[in-house]
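Here is a short briefing on how the strands of this chain pair up. Please have the sequence and the model side by side as you read.

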Amino acid sequence: MCGRYVSTRGPEDLARRFEVTEWRAADGPAPSWNVAPTDEVWAVLERAPRGRDGDGGAAGVRRELLPLRWGLVPSWAKDMKAGARMINARVETVHEKPAFRTAFVRRRCLLPADGFYEWQQTKVQDTGRTRKQPYFIHPEDGDVMALAGLYEYWRDPAVQRDDDPAAWLMTCTVITTEATDAAGRVHPRMPLAIGPGHYGDWLDPARRDAEGLRELLTPPAGGRLDARPVSPAVNNVRNNGPELLAPVPPAA
């Protein structure tokens, strides 16, 4: 799974990298070295100015940088609590699971990340006990990753008016697969990514061929990843800062 990640690029940088045409810096999350489920995260998506499903035609579609809540809440969910359990969607079943299948063919996004955390079970030699050693996994070249994501709208029944901004919650999830390379040595699952040459194909709301979309999904950084042990301070969601990325000796 992907349960924590790092996203420190500012909106100006992200807007330039992803050729975004619509964004407002004041609305978004601050840089985070410990993004956790239910946090707000930056997402890149394409949609029509009016309507909620991207059916406005190619001419009306615009690329936006928006803050979304991490943890997808299906449109049919009774409340937003479901999102905490849906931070990831498995690529093997994303096209058929009721919570994700509609979003997969109609509402896809990119989630910019510097890297992600995974945990490995290790045994402490002095005590014989096991502990979880966190690792920071990131592209070898330090470039940004565009994690493959889905987004969804959820209508809050407690808000009466449809045109009230509080009536609509936008949430997202990260698509994952079996881990390879450096990530596979730490944890059996890892997030998937979209290469720069396929951003437009992935985001295009008019593209709805499930198999063709699945072919766009690749290991982040083309599998050229580095993994280093970092402080267990990352285990606490209240800890947040660049010091979390400092390498430490692995647990022994």
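This is a predicted model: local features need pLDDT of at least 70, side-chain atom pairs count only at pLDDT 80 or more; totals for chains, interfaces and linings use all residues.

Residues are numbered from 1 along each chain as its sequence is written, and side-chain values use heavy atoms, with hydrogens and water left out.

**The open sheet**
- Five strands form an open sheet in the order 3-1-8-9-13, with antiparallel pairing; strands are DSSP runs of E, at least two residues long, numbered from the N terminus, and two of them pair if DSSP finds at least two bridges between them.
- Strand 3 (32-35) and strand 13 (225-229) are the edges, each pairing on one side only.
- On average, neighbouring strands here are turned by 30 degrees against each other, direction ignored (axes are lines fitted to C-alpha atoms).
- Strand 1 (residues 4-7) runs antiparallel to strand 3, joined by two bridges, and Tyr5 has Val35 as its bridge partner in strand 3.

**Strand 5 and its partners**
- Seven of the nine residues of strand 5 (residues 62-70) are buried, meaning under 20% relative accessible area with a 1.4 Å probe, protein chains only.
- Strand 4 (residues 40-47) is joined to strand 5 by eight bridges and runs antiparallel to it; Glu46 is partnered there with Arg63.
- Strand 2 (residues 22-23) pairs with strand 5 in the parallel sense over two bridges, and Trp23 stands opposite Leu65.
- Strand 11 (residues 168-178) also runs parallel to strand 5, with two bridges between them; Arg69 stands opposite Thr171 of strand 11.

Key. Helices (H or I, at least four residues) and strands (E, at least two) are DSSP runs, numbered from the N terminus. Axes are lines fitted to C-alpha atoms, for helices over the stretch in contact, and angles run from 0 to 180 degrees between N-to-C directions. Buried means under 20% relative accessible area, exposed over 50%, partly exposed in between (1.4 Å probe, protein chains only).
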